[in-house]
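Here is a short briefing to read alongside the model. Please keep the sequence and the 3D view open as you go.

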Amino acid sequence: MSLGDGPARCTFVPPYLLQQIAAAPGAGVDAPTAAVEAAQESLVVDEQVRGERSRAAAQDAPHAQATGGAWTVYTSGNGTSLPGTRVRGEGEPASGDPAVDEAAVGGAGALALFAEVYGRDSFDDAGAEVVMTVHYGRHYVNAFWNGAQLVFGDGDGRIFDRFTRPVDVLGHELTHAVTEHTAGLVYRNQPGALNESMSDVFASCAKQRMLGQDVTQADWLIGAELFLPGVNARALRDMAAPGTAYDDPVLGRDPQVGHLDDYLDTTDDNGGVHLNSGIPNRAFHLAATAIGGRSWEGAGAIWYDALAGPDVGPTTDFAGFAAATVAAAGEHAETVAAAWQAVGVGLAGSGAEPPPVLPPPQEQVEVRRSGGFVGRTVSGRVDLTAAGSRAERARELVDRVDVATARGGLPHPDMFTYTFCLPGCPEVEVPEQELSDDLRELAALVLDADDPGSVM
Ligand SMILES: [Zn+2]
């Protein structure tokens, strides 16, 4: 397996990833790490998803089966059909299935925050039913909003627990739906990092409100219950101290940054949306703790007014959003401005140019899978000059695929993005739901180098 054995010239893979996979115990040809196996298993699920069909099902079925309640939980039964089989609706008793009941509690809590505090009638402000599907895929290590519904995997049973377990994952995904229906922040670079930050901000507000915590009692962690015992992690992200949530032999070290000086220029993770979101996350924490009281009433109300107001749109950057929060802050304007200044964000335009894309090395194909709720990247390479059936099949696919037409639409929040580096071609990004059969097979072949047969 060609994972993490040195920087590839065509990539901007964050150093943490190459290090974490290379340094992981057993990360060799014969003994892939648990993390690598989990990535492979999620790829099996991706393989089963046929984008258009899946999206059509997600968009049609909820309306066909709507019950009129504020939310409904379905199960995919470890398959990939969406929304799957209906299990529990609003007002109905607990099902006894922890994933279903966790989704119900977390989803209802997040909906209540928007309704009762900000006067927002569901994510679309028009009373849309929130459809949530649990038990998606087998060992699926992700959760996402696909433009129509929320979807949650069960985790891999080794590193990641159920993605429904932390209530803030529910709040995070629901907020993606809110953002789509308000500012519509594009899911890339600074607007994408703001999109991610909005989800963490209101997830944390919802969690603090459900727990009855003020800003001094809150832990400011995202995904605190996501990791199984034995993983050296407090959480997935720490809004108060980005970059400190975990440091583990397999996971590596939390790569988030918390100051604009440390902004990560990368093409992975849709331009580092889960990495640079630490900057606006920390600004929110600083503003919330300076204003005091309860986060959802103080800084949360200001952030919501900015998100839903006329000054923030699809391409708003950090500085633009900062200005909108200051404008919405009233008596707290100076406090909010100071919070943004503390993370290096002024109130005028900034803008970060993406780095140049280098041509890929010749005679090899590289595939990276980045993004996802966790924001981690896995990669693999195949030497096209090598002997053997794997290299032979890779050559057939590389000759056949047309990467010039493969570039897909915008990624859905928290769904995976695949990057293909083929000989002689600029690298191309394809969202999970846009993969052609050939690209899907190529990705499976390259990322699951030990046993492509198990993926296909
Ligand atoms: Zn997200």
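The notes below cover the metal site, the nonpolar cores and a surface patch.

This is a predicted model, in which local features need pLDDT of at least 70, side-chain atom pairs count only at pLDDT 80 or more, and totals for chains, interfaces and linings use all residues. Residues are numbered from 1 along each chain as its sequence is written, and side-chain values use heavy atoms, without hydrogens or water.

**Zinc site**
- His 172 (NE2), His 176 (NE2), Glu 196 (OE), Asp 414 (OD) and Asp 414 (OD) are the protein donors of the zinc ion, at 2.0 to 2.4 Å; donors are N, O and S atoms within 2.8 Å of the metal (3.2 Å for Na, K and Ca), and water is not among the atoms, so sites may look incomplete.
- Along the chain, the donor spacing reads H-x3-H-x19-E-x217-D.
- His 172 and His 176 are both buried (under 20% relative accessible area, 1.4 Å probe, protein chains only).

**Nonpolar cores**
- A nonpolar core is a set of buried Ala, Val, Leu, Ile, Met, Phe, Trp, Tyr and Cys residues joined through side-chain atoms within 4.5 Å.
- In the largest one, of 82 residues, Phe 202 and Trp 303 touch the most other members.
- Helix α4 contributes the most to this core, with 8 residues.
- Another core, of 29 residues, lies apart from it and includes Leu 82 and Leu 439.

**Surface patch**
- Val 105, Met 210 and Leu 211 make a nonpolar surface patch of about 270 Å²; patch residues have over 30% relative accessible area and no salt bridge, with nonpolar side chains joined within 5 Å.
- Val 105 lies in helix α4 (residues 98–117); helices are DSSP runs (H or I, at least four residues).

Technical notes: Patches are made of residues with over 30% relative accessible area and no salt bridge: like charges are joined within 9 Å, nonpolar side chains (Val, Leu, Ile, Met, Phe, Trp, Tyr) within 5 Å. Accessible areas come from the Shrake-Rupley method with a 1.4 Å probe; for residues, only the protein chains shown count as cover. A salt bridge is a side-chain nitrogen of Lys or Arg within 4 Å of a carboxyl oxygen of Asp or Glu. Helices (H or I, at least four residues) and strands (E, at least two) are DSSP runs, numbered from the N terminus. Buried means under 20% relative accessible area, exposed over 50%, partly exposed in between (1.4 Å probe, protein chains only).
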